[in-house]
Amino acid sequence: MQKLESRHINVHYGTTQALKDINIGIDANTVTALIGPSGCGKSTYLRLFNRMNDLIDGIKIEGQIFVDGKDIYEKGTNVDSLRKNTGMVFQKPNPFPKTIFENVAYGLRVNGITDQKFIEERVETSIQQVVLWDEVKDKLKKSAFELSGGQQQRLCIARALAIQPSIILMDEPTSALDPISTAKIEELIHELKTKYTIVIVTHNMQQAARVSDHTAFFYLGELVEFGITKEIFTNPKREKTQNYITGRFG
Amino acid sequence: MKTINENKLAISKRRSQNIAFFLLGFLGYFIVAILLVILSFIVIKGFSVISWDFITKMPEEGMTKGGIYPAIIGTLYLVAGSMLFAFPIGVLAAIYMNEYVKDGFVKKFIKQMTNNLSGIPSIVFGLFGMSLFVNKLGFGDSILAGSLTLGLLVLPIVIRTTEEALKAVEDTFRQASLGLGASKWQTTRRVVLPIAFPNIITGLILSVGRVSGETAPILFTVAAYFLPKLPTSIFDQAMALPYHLYVISTSGTNIEESRPIAYGTALVLVLIVLITNLLANALRKFFGKKVKMN
Amino acid sequence: MNHFESELELLKADFVKQWEAVHLQLKSAMRALSSMNKDTAKEILSQEVKINELDLKIEKNCENIIALYNPVAIDLRFILSVIKINSSLERAGDIAARVAKFVIKSGDDFYSDLITKTNALVMFEEACELLKDTLVAFQNNDSQKAREIFKRDEYINEINKTAFLNVIDSIKENPEEIEKYLKMLSLVRRIEKAGDISKNIAEEIIFYLEAKVLRHKGK
């Protein structure tokens, strides 16, 4: 059984079709990169896996998305627990206006955990997982906004890890960061792979090549090609993919 | 030939730019000048009567002498009362509108109605307040009735500023919170409101300024012509600065003699509004720093 | 055309120029050998310097393009094949130079006979043709033509084998000239190598066009 699977997914915003019959299967403990030009539907596709698209007015979703073999768009799905199982990281670092500690503790608190000792332990392990502990251990009570952009983004990843999800969705997680912070996040992705299933949307093709095991190329709402990253970047099967990754698009 | 034309063009471009700059600058300073004229007019005329006694004593001798203490206290009560009423309702309504209702007919309808509400002249609010709160609900001329009427008046302002403040919160904050399994209400209360707070405060202060200066809505609902004692309950009548000012300038026992007191009252009123505005800015900066975006 | 593509075009122009120059060198070497003309041979040696210079330039450009443009997919394969074919061309150029040196050192009738006997010129002619056809295949993105090269190289290998036997026989007949015969044998070997080089180039062309690695695979 695959960790994530989409079958015949069609998404409409009003009258425009954002995704056309998307079928992808993603194995556990792999990194899958979604690439394609702006507006190709890759972000929309990413947000299907934690039903974040539900927030958009006038969206229509057809087809099935399976997480651990269960169709999450079925009636009666507990969206909160689905999302608890799915960490999400965004384009711009977006820590909450709280202390560093409370940012990471947030997910635990909203899920009803009150045992302070447990929370403290979990916060520490989560921050250690993103290799941020040494940088922030003396200022856990300070505002998260005092951190640099790269640190903030790692904090946001720690925030997502604290609730122990099995899936991490990343929406262009390094597009607002400098190259060194970017390299740190990429390294982190590589390490997190052993424990989590990661799906990452990126505009940076080198990044997709560096961090992912599989790559899906979207264009105008269609899945043009999905395959092993090494093959996509050395010998893509479709000409459109070739033109896109070699920068000859259009 | 061409270069000459280009030079000409450059000169004419620069000239029109200079004219525009001059006009815009002039208008900007003109507004400042008007404000300064009004302020200095009130300060010059009113400053001489301001004293510790003036703001802490009861009015005397048909309001030609003495202080304006009960009017200040009355206004503060009305501000506090109307805010207690309008702020929670307004903020909750705005939260409902912005966070819960999906785009569509209902939202548009509520929005339009809110806008209409803010367009109604304040005297109409006064009449409505009189018939509903004073007569129908039997509150009589009282701080309660006046506060509720003023509250209704500023409700649209509170709703609209709060809505704007909530809209300014980036969606990714909501998504990040929801993505951690938080409920919508947890997200709103713990993430969205703290971020929007500085801007909501601004709306609050704006409405304080509005409330403290209104005369018409309190005319029939609370304001006492002359009441040389402090209110003891919310069902008491009270004096209020704007109404006091109106009374002693138009229908007092001796208008000429109470003129300086009128200017003094005006100055106090202006100062209250000014101070609340400064306070608002300070609060905004203070909270703004806490949630500063990078 | 974007910046990257114009860089690729420049590289390709140099590369084709080198290819043609090397082909010309081999042809001149063949002519020098057939007539034992030392002037032509000297001309070849002076051209060899230019070929070595262009070889370095092309290699440097490939390195720059990889560092600056991070080519992927067909672009990456193109650069990789340019690097490999370029070094093959340089080796083919060396062969021409070696033949030229042979002509300069040992141009006499003894060899003329032997050359006819071993069919060395036929071999040489075919090797030149092969190199020319690899260029045609490359320029027309014609992997079919590249595949034909393999068969034609076998023909060269056949001639080489018979030449080897011929020379062995000659040595038996005339053992006191063994040194000259061995020199001839190594010359024939070199010409055969030129054919192999074309075969390697053809493999690279197929890799570039079809992303299939043909080397080190059992036949």
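Chains B and C do not touch, and their nearest C-alpha atoms lie 32 Å apart. This arrangement comes from a predicted model. The model scores ipTM 0.88 and pTM 0.77. For chain C, the average pLDDT is 89. A score of at least 70 is reached by 96% of the residues of chain C.

Two pairs of chains are in contact, and the pair formed by A and B shares the most contacts. Chain A contributes 22 residues to this contact, and chain B contributes 21 residues. The most comes from α2(A), which gives four residues. By class, the side of chain A that touches chain B holds nine nonpolar residues. Another eight are polar and five are charged.

Chain C also meets chain A. Here, nine residues of chain C are in contact with ten residues of chain A. Helix α3 of chain C, spanning residues 73–106, provides the largest share of the chain C side. That share is four residues. The side of chain C that touches chain A comprises six nonpolar residues, two polar residues and one charged residue.

Attention now turns to chain B itself. Its secondary structure consists of eleven helices and two strands. Along the sequence, the order is α-α-β-β-α-α-α-α-α-α-α-α-α.

The overall dimensions of chain B were computed next. The radius of gyration of chain B is 24 Å, whereas a compact globule of 294 residues would have a value near 19 Å. Taken along the principal axes, the C-alpha atoms of chain B fill a box of roughly 80 × 65 × 35 Å. Buried residues make up 39% of the 294 residues in chain B. Contacts within chain B were also sorted by sequence separation. Among those with a separation of 6 or more, 78% join residues 24 or more positions apart.

In outline, chain A touches chain B through 22 of its own residues, and ten residues of chain A are in contact with chain C. Chains B and C do not touch.

Definitions and conventions
Residues are numbered from 1 along each chain as its sequence is written. Chains are lettered from A and ligands numbered from 1 in the order in which they are written. This is a predicted model: local features need pLDDT of at least 70, side-chain atom pairs count only at pLDDT 80 or more; totals for chains, interfaces and linings use all residues. The radius of gyration is taken over C-alpha atoms; the globule rule is 2.2 Å times the number of residues to the power 0.38. A residue is buried if 20 or more other C-beta atoms lie within 10 Å of its own, exposed if 12 or fewer, and partly exposed in between; C-beta atoms are placed from the backbone. Two residues are in contact if their C-beta atoms, placed from the backbone, lie within 7 Å. Ala, Val, Leu, Ile, Met, Phe, Trp, Tyr, Cys and Pro count as nonpolar, Asp, Glu, Lys and Arg as charged, and the others, Gly among them, as polar. pLDDT is the predictor's confidence in each residue, from 0 to 100.
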